[in-house]
Amino acid sequence: MVRFMRATAVLTALICTTGSAQEDLKARAARVAAGLLEVEQLGGDHLGYAREALTILREGYGVWPEGAAAPHRTRALWRGRRPPEIDPLSLFSGGLAIRESLQLDRLDAFRAGGGAIDIGTLKPPATPSHPFEKMLEGRAWKASELARAVPVDFYYAIFHSMGGCLDFADWLDEVGGLVLRRYAPMAVDFRVKDKLLTQLALQVTPEARKFYDAVIDELVLTGSDPFLREGSDLTLVYKLKSSGIFRASVGLYRKYFEVAHGAAPARSVIGGLEASGLLTPDRTVHSWMLELADDVVAISSSETALARVVAAWEGDAPSLHAAADFRYMRSLYAADPEVEDGFLYLSDAFIRRMVGPELRIGEARRLAEAARIAALERRVLLYHQLHGRLPETVEAILADCERAEPAAALPPAVERLRSHRISQRLTEISPERDWEGALFDDWTMFEAELVYMLARREPDLDDVERWKRSRDELRKFVVELKRVYETVHGRPPGNPREALRLFQDEDRRNAAARYGLDAAAHFAGLELIADRFSVRSARYGRMGLFRPNLETPVETVSEAEADGYRGFVREYERYWRTYFDPIGIRLRRGDGRRIEVCILPLIQNSIYDSIRTLFGGQPVPITVQPLADEVFSLGLKLGKDAPPLGDLPFLEEMQRNLAEKLGMPDLDLAGLLGDSLEIHARDAEPLMDFDARGLLPQLLPMAGRTDELLGVAGGVFLAYAAFHPLRVAVGLRDEAGFEALLARLDEVLAAERAEREAGGETGFLEFGFDHYRFEHRGIPVRAIKWSFAAALHFRLFYAVLEGRLHVTTTESTMKALIEAGGTEEPAETVEGNVFLTLRPERLHRERPTFERTAMEAALAASLRNFGTIRLMAALFPGDNDLAGCCYRAFGFEPVSPGGGRYAFEPATGEVTDSAFGSRVSPRLEAEALRTATGMSRFFSTRQIRIVLKFTPEGIMTSVEIL
C-alpha cells in the first residue's frame, strides 16, 4: 500500500503539468524535482534533461528531493561522439583504419563568434599525395561516366541499380549490423535513411523499388561530408533507361510530398540549368531536381551542392572522373556490374577536405550549436513542467531564469578549484596557464604524473601513506574538475587542457551565462518553434536537419579555434608524414555478401604497423585446416619478403633464454620454425563468456611495437583459452630438429621437477608444474600441467603431426586432431596475410551462451531507454506511442532491441517493454526473442570470412558473409 501511494504521488508529480494560478512556484518546482528524480533513478533520459533540470531546480529554486543523493551522470545523445571501439572485426576488416584515416573520433566543439583570424591563414596538414600519375603508368582503368558529376572533393558511391543500393542498406541493418554489433544492440534510432528519403522527396515502397529498377541504369550518391545524422548535403545522380517514364513517375512522388508535408514548389537556375524545388521551412523536405543530360538527372538536398555537381559535370570545376587517384583506384577495382553491385570511394581531395580547417571548425561549431540548442530545449521542457504550458518566446524563458535565484555557488566552485594546491602546482609547470605539453593531452598521463609530483612534496610520510594520500587528493580534484566543467558546458571535458580552461576568464563568463546570469547572450540567435519542444538556430536550423556545412562557410575564426586546429594538425602530421590515404570499398553479391576495402598505403605508428611487421610483405597463399566442430579459425603467414618467424626480434630473447635453459648454445629457432600459424576454437559450452571487445580497447593502445603487440595477443589468447578449447598449429622447417628440441626439453623439465621435490613442501599459494607423455593411435603426445595452490590446474597438450607443431588446451581436441589425421575438413586457402573465419552454423553447444549474451545486451540497452520513456509519459500523458512521440518531438526514437513496445502504466508508475518486461521484473524469453533479434538468421550463416592483405597498393581487406 505504501509503495502504491508513493508511486501515485510520483506519477502525479510527473504528469501534472498544470496547477492553480495561486500555487507557489517553489512548491511546484519541488513536485517536479521529485518526479524527475524518478527518471534519474531509471537511468536518466537520453536528452540529459532530468539531471540538468534537477541541478537547476536545486541551484536556482533551492529545492531538492528530501534524502536524495546528487544525480548521477548520464550521456546525452547530442554530445560528442563516443570513444572509438576496437574489436577483432573492425581491426582486421579495415574499419579501424578508416576511422584513423578520417579522424572522425577527434572532433572538438567550438562556438562561433568573436573571431577575427582569416581562416585562409590556417595551414592544413602538409602531407603530400601519392604520385598517382606515375603509379597509373601502364595500368588500364574503367569508371562510370557519372563520376564526371562528382566534385573532386566529394565522396562517391555508385550502385548499378537502385534496388541494389536499397537492398544493401537493408542487409547492413538486418544481418551485417547483427554480426558486427553482437554486444552493442541498437536502442536508439535516428531514422537517418527515412529522413534522407523524405528530404529528397523519394518514395521507397515495394512498387517504387520495382519502378526504379526498371528505369534506372546506374545511381551515384555524393556529398561534401559524412555527417548525415546531424544534417548534410546528399545528391543522387541517375543514369536513366527511360527518361520519360522516370519524369512522370517522380513527378507523382513529388506531388505526394507536396500534399503530405506541405512542401512548396520552387524554381531556380543552378549553373545555367533549370531546377525545380520542393521545400519546407525546416528542411524536412528540401529537394532540388534538374537534368544534366537527356538521360542523366540529379536530385539534391542542397542547392549549393547541386551547383557544385553541375560545375563538375560541365567541366567548369575539377571532377572526380579526371582525378588521378580515382583513376588509379579504378585500375584496382575496375567498374564492372558483373563483379560489383556498388563501390564507395573517399578520394585524396575528400580526405583533405575532411581534415581541412573549414570543415573541421565548421562541424565543431555545429556541435557547439547543438549543445546550445539542447540546453535551451531542456529549458523549454522545464518551463513546460513548471507552468503547464509551452513558452512562446525565448524572452519568456529568460524571465523565468530571472525569477529563479542565480546559482551563486558555481563561480566560487571554480575559484576553489583554481586556488587548490594542485592548481598551484600546475601553474608552476605552466606559468602562463596555457596548459601546453603532453601532460595535458591525456587523463591517464595527467593523473599518473601529478601523483608522482604530489607524493614528492610529502617527505615526512612513509611511502605507502604518501602515495595513498596523493592519489586520493588527486582523484577528488579530478572528479570535481570534471563535474564543474560538465555543469558549465553540458558535456564532459575531452582532456585536462580543455577542463583547465575553466580557470580562464572566458570560461567563467560562460559559467555565468549557463545559469541565467547572462542567459540572453548565451541563447542569442536561437528561437522557439511554435507548439513544439524544439528550438531553431538562426544560422543552422533545427537539430537533426541542420543546414549542411557547405551552406554555412567559415571565413574567420577565434584564437581558441585557431589554436585548437593547429594542435590537430601537429598531431595529424605525426602519423601521416608520408601520404594521404584514399579509401575504396567494393560491394558484391553472390551466394552471400562481400565487402572489399582498399586503403592506400596507411599511416606510420598505427596498430597496423605491428601487424605489418609480423605478417606484411607480398600476400601469400594461407591454408587453414579446421576440424569439423571448430567454429573460429585465424590463419597467419609471413609474406615472401618477410623474415621467418625465428628471425623476428621478438623471438631473439626467447631463443637466448631457451638456449641457456636447455644447454643448447647452437639453438637456431629460425631453422626450426616455419612461416605459418593457425589458431582454432572448438564449439563448447563455456562456464564464463569472454568478449575481446572489452579487453582490446585497453590493451591495443599499448601495442606500439611488435613485441608489445605479441604481449597483447598472448594475453587475449590466454584469457580466451580459459573458456574455450583452443588449438594452435605452427609450421616447422626442420621436424627432426624440433623433435630433438622437445626431447631435450623433457630432460630439463624432469630435472627441474626433481630439484623442486628435493627442496621439500612448497607454500600454499605457489605455482607448480608436472609434465608427462602418452600415445594416441601411435602418435606421441606431451602434456604440461600448471598448478596454483594445489587446486587450480591448467594443461597444454602438444604434438608434432604432419610437419606442424600442434598445441591444444584439451586432451579431446588433440585426440580428435590425431584421429582426423591432421584434418577432417577440406582445407581453406586464400591469398593474403591474415585470414579469419567465423562459422556461426557450427555453433551448437556454445549457441545458448552466445544467444544469451546477445539477449542480455539487448535487455540492458532496452532498460537504458526507460528513463526517456518515463519522461515522455510526463510530457505526453495518455499517448500510447511514447517512442513515436519522442521521435516527432526530439528526432530520435527509443527502440527495443527485442522488437517490443514501450508502455507506461499509470496505476503502478512503471515503464514496461513488451519484449523484456519491467525494471523490477525483467525477463528474457529466448524463443520469443530469437526471431526479433535476428539470431536465427545469424546462426544460419555458413561463414563470415575476413582476409587482410598488405600490398604495394596499401591495405586491402575483404569481408564475406555466406
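Entry 1, a helix pair. I looked up the crossing of H9 and H10 and found that it is left-handed. In this predicted model, helix H9 (residues 206-215) and helix H10 (residues 243-260) pack at an angle of about 155°, and their axes lie 10 Å apart. H9 is therefore roughly antiparallel to H10, the cut-off for that term being over 145 degrees. I then listed the residues that meet: H9 contributes Ala208, Phe211, Tyr212 and Val215, and H10 contributes Ile245, Phe246, Ser249 and Tyr253. Sorted by class, the contact of H9 with H10 comprises seven nonpolar residues, one polar residue and no charged ones.

Entry 2, a sheet. I traced an open sheet of three strands, ordered S28-S29-S30, with antiparallel pairing. Strands S28 (902-905) and S30 (917-918) are at the edges with a single partner strand each, so one side of each has no neighbour in the sheet. I counted four bridges between S28 and S29 (residues 910-913); Ala903 stands opposite Thr912 in S29. Helix H32 (residues 866-875) packs on this sheet and touches S28, S29 and S30, its direction making about 120° with that of S29.

I noted an average pLDDT of 78 for the protein chain, with 73% of the residues scoring at least 70. Confidence is lowest in helix H1 (residues 2-15), with a mean of 40, and highest in helix H11 (residues 303-314), at 98. I also recorded that residues 71-86 have a pLDDT below 50, yet this stretch has 62 contacts in the model beyond near neighbours in sequence.

Definitions and conventions:
Residues are numbered from 1 along each chain as its sequence is written. This is a predicted model: local features need pLDDT of at least 70, side-chain atom pairs count only at pLDDT 80 or more; totals for chains, interfaces and linings use all residues. Side-chain values use heavy atoms; hydrogens and water are left out. Two strands pair if DSSP finds at least two bridges between them. Contact means heavy atoms within 4.5 Å. Axes are lines fitted to C-alpha atoms, for helices over the stretch in contact, and angles run from 0 to 180 degrees between N-to-C directions. pLDDT is the predictor's confidence in each residue, from 0 to 100. Angles under 35 degrees count as roughly parallel, over 145 as roughly antiparallel, 65 to 115 as roughly perpendicular and the rest as oblique. A crossing is left-handed if the near helix is turned anticlockwise from the far one by less than a right angle, and right-handed if clockwise. Ala, Val, Leu, Ile, Met, Phe, Trp, Tyr, Cys and Pro count as nonpolar, Asp, Glu, Lys and Arg as charged, and the others, Gly among them, as polar.
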